[in-house]
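Student: I'd like a close look at a single part of this model, then how the rest is built around it. Keep it brisk.

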Amino acid sequence: MAALAVFVLIVIACLSAPLYARWAGVDPFVSTLDRIITIDGQDVPVMEQSTEGLGLGYTPLGPTWRLGNYFLGADNQGRDVMARLLYGGLNSLLISAVATVLTLLLGTATGLVAGYFGGLTDTVLSRLLDILWAFPIYLLAISLSIVTIAQGISIGPITIESGSLWLPIIIIGIVYVPYVARPIRGQVLSLRNSEFVLAAINLGVPGPRILWRDILPNVTTTLIVFVPLMMALNMLTESALSFLSIGVQPPDASWGTIIQDGQALLYTRPLVALAPGIAIAVSVMALNVFGDGLRDALDPRSKIELGRD
Amino acid sequence: MKKLLLAAAAAALLTCTWQAPASAEYLKEHRGGTMRLLARSAAGTLDPHINYTLQYWQIFQPLYDGLVAFRKADGKDGFKIVADLAEDMPAVSDDGKSFTFKLRKGIKFSNGQDVTVKDVVASFQRIFKVSGPTSGTFYAGIVGADKCLADTKSCTLEGGVVGDEAAGTITINIVKPDAEFIDKLAMPHAVILPADTPTEDVGSNPIPGTGAYTISAYDPNKGMTMVRNPHFHEWSEEAQPDGYPDVVQYDFGLTEEAAVTAIQKGEADWMYDQPPTDRLVELGTKYMDQVHISPLTAWWYAPLNTRLAPFDNEKARQAVAYAVDRNTLVNLFGGKVLASPVCQVLPPDFPGHVDYCPFTKDPGAKWSAPDLDKAKQLVEESGTKGQKVTVIVEDNAVSRSIGVYLQSVLSSIGYQADVKPISPNIQFTYIQNTNNKVQMSVSQWYQDYPAASNFLNILFGCDSFREGSDASVNISGFCDKAIDAKMKQAMDLGVTDQEAANKLWAEVDKEVTDKAAAVALFTPKHVDFVSKRLGNFKFNAQFYWIFTQAWVQ
């Protein structure tokens, strides 16, 4: 429960991003290099030009530890890191949540159909999953992102423009389908031979109806446990893609893009990279602990194998 | 008192200068040791006829020689061209189409072979045989080059490069007078190699050269070792001086952050890459004596695609030029010490440069401040308000931050803008290809040689635009027939009257700037961070730091 509480707090904080930005009077997506703020009655530039020695370089404002006034300091565009951290969290959470829904939908559908119908259908779907499974996940995600990042996706009437959040959502949603589909297929294979399913088949109930009414409710517990675990995994993937400039595109923020921004400031302003790193670590840990707890609570005997051995 | 001390110090300094030993004595005193250079990565092929990177052009200076060379001197003296393997500057025919060189005697390649007229002729043929990147531009004017470009393998340059072994002369004939032809001959792509050099890209296998040093080991994933050329003797201090270090070890693989730290600890002597921006304050305060800042004849600019909406509209282009705050960009690059705001194409102190800035709050000679009201008005007048604009930038810290800033500016004047950082390995070719429909990008141009045409004609000449090609360096797709004709006129005029040609180039610069085919951002400066032990730092305006002229002991 503590893990859930931590995660809910993070979600609430991120949802308050627009309110925080308005209260702080900052636009976290616009460069404000020449902004001057007031701290303790003194005017302080957000970006300070070195005046000593050769006068080389600019240093962004460090953390002021005053909420609403560059609490975590500024990045190299003079933007409020705290405001960007909250907005970034909103995008990271949104992408990981929607990608999780997509993964679960695709994975469940594939697992149900493959497990229930068996035969050629199972062979074809299982091999497709094997192919997807055979690629290193990050390599696959990076490849798909690079292909789509410049021009977007256009399939028939569906067009997703480059820069849209739907691109990382779809890519992350697809690459993790085998992670869900295979355990679901295994469960369906065993349910397929259970008495209540055989009875339904013998009574002539159509397959789709059996899947929907009899089998799906029996895998729901597994799916519920998958939600926090997949979300944690997706959050890590999104951060990695955004860090590599192939996820969320600037000036939009995600925790991954903020780490990337902070990379150029590691020496002078390490907090710009550390803060989103800590946010990711805490969120993922909370989701994993919550997922474990959920699994123990819902079905202590079941063991879900997430990821590869 | 302070003034007195200063005067005394200045007098002492002058005395020291006066009594300074000649370079030969310095050479005796400081000769030897191993110099360690660092770069994040290698820069491609070792073939001097093919490699077109600043990183290796700098390396090629003490390795290879052409008939002529840029002087290995400090600052702008490095723009002067001197005879190198040729005994003297060429005798030019009255019509300006024939250049005759007399080859020096007694010069050997690092493999012990004598340099002969045959090597010179074969080297010019090889430029075409290996399809050198500038064979179709710099050297396309040589008689017979058209046949060589059409059929590279059987290139003879018949009538173009004529050797007379008995007289030891080489005559190069060009189809029409070219005021920049000597500059082109001084480029690394025209160095002289042994006649039996393979007529294909040698990749990682070093080719013997005539310079003071030779490559003894090379692994593009690890590094390069340069040692003294055992067959070298100094024939011209200006063209190919002897060097100080016995060995130059150039290691690849360290990040810029790690390279700075290595130099601070004395583990390395110099880094090729620019120090990261978040280390600049530290370097500029704690390591002042080890930092060298040198002006560059270079240009950071944002090409606007004149063939795609919204920038096919001149007013839309001018609006962006008015809106961009160059001071902000200068700050993003590292501050006023490292860059200067500009409005025009030709860099300051460059042939043909006359201060001009129409896109500023108070139009005149210099940029003062952005004029957002004027920019918004122009966007309204152009009827392009609300259109989508994507800015393509390199995915590195400085370019990305410039892209993000430009996105902010475009949004503020009424466009729906976004920015796409893409890998620096592909960004330059990506933005050139019209198939990628790039509306706006951020790019840089560093001169090949000091001539106005190298900026204006290359970047905005009609001939530099190629539809659907990765090699269309006129990224804006700008082609104004009248301006193009004026550029050609200036190039022709340069053959007989360089001063008049420069005046014409100044007009061209003004006209191209007015058309706002690109937004001029700033002129950068170069930062060299060197080790404490390194002495005699000389920055050559043409090929940057002359590393073999520095000592490490």
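How many helices and how many strands does chain A have? And please look closely at helix 10 of chain A: which of its residues are buried?

Tutor: This is a predicted model, in which local features need pLDDT of at least 70, side-chain atom pairs count only at pLDDT 80 or more, and totals for chains, interfaces and linings use all residues. Residues are numbered from 1 along each chain as its sequence is written, while chains are lettered from A and ligands numbered from 1 in the order in which they are written.

Chain A has eleven helices and six strands. Both are DSSP runs, numbered from the N terminus: helices are H or I with at least four residues, strands are E with at least two.

Now helix 10. This element of chain A covers residues 255-263, and eight of its nine residues are buried. Buried means that 20 or more other C-beta atoms lie within 10 Å of a residue's own; 12 or fewer means exposed, anything in between partly exposed, and C-beta atoms are placed from the backbone. The buried residues are W255(A), G256(A), T257(A), I258(A), I259(A), Q260(A), D261(A) and G262(A). Their cover includes helix 3 (81-117), helix 9 (207-243) and helix 11 (271-298) of chain A.

Step back to the whole of chain A. Of its 309 residues, 44% count as buried. Its C-alpha atoms fill a box of roughly 85 × 40 × 35 Å along the principal axes. Two residues are in contact if their C-beta atoms, placed from the backbone, lie within 7 Å. Among contacts in chain A with a separation of 6 or more, 68% join residues 24 or more positions apart.

Next, the place where the chains meet. Chain A gives 30 residues to the contact and chain B gives 31. On the side of chain A, the elements that give two or more residues are strand 3 (47-49) and strand 4 (58-60). That side divides into 14 nonpolar, 14 polar and two charged residues. Here Ala, Val, Leu, Ile, Met, Phe, Trp, Tyr, Cys and Pro count as nonpolar, Asp, Glu, Lys and Arg as charged, and the others, Gly among them, as polar.

Chain B has 16 helices and 21 strands. Its C-alpha trace spans about 70 × 70 × 45 Å along its principal axes. A compact globule of 553 residues would have a radius of gyration near 24 Å, and the 24 Å of chain B agrees. That radius is taken over C-alpha atoms, and the globule rule is 2.2 Å times the number of residues to the power 0.38. Buried residues make up 51% of chain B.

The UniProt record, an unreviewed entry, annotates residues 80-464 of chain B as "domain: Solute-binding protein family". Its positions are given in the numbering used here, feature names are shortened, and annotations may be inferred rather than shown by experiment. The end C-alpha atoms of that span lie 27 Å apart, and the span is 26% helix and 19% strand.

One sheet of chain B is open, with five strands in the order 8-9-10-1-11 and mixed pairing. Strand 8 (213-219) and strand 11 (270-271) stand at the edges with a single partner strand each, so one side of each lacks a neighbour in the sheet. Two strands pair if DSSP finds at least two bridges between them. Strand 1 (residues 34-39) and strand 11 of chain B are joined by two bridges and run parallel. L38(B) has M271(B) as its bridge partner there.

M271(B) leads on to the core. Along with L456(B) and V519(B), M271(B) has the most contacts inside the largest nonpolar core, which has 163 residues. Such a core is a set of buried Ala, Val, Leu, Ile, Met, Phe, Trp, Tyr and Cys residues joined through C-beta atoms within 7 Å. Beyond its neighbours within four places in sequence, V519(B) is in contact with Y301(B), A302(B), L304(B), V320(B), A321(B) and V324(B). A second, separate core has 76 residues, including L61(A), L112(A), I172(A) and M231(A). That brings us back to chain A.
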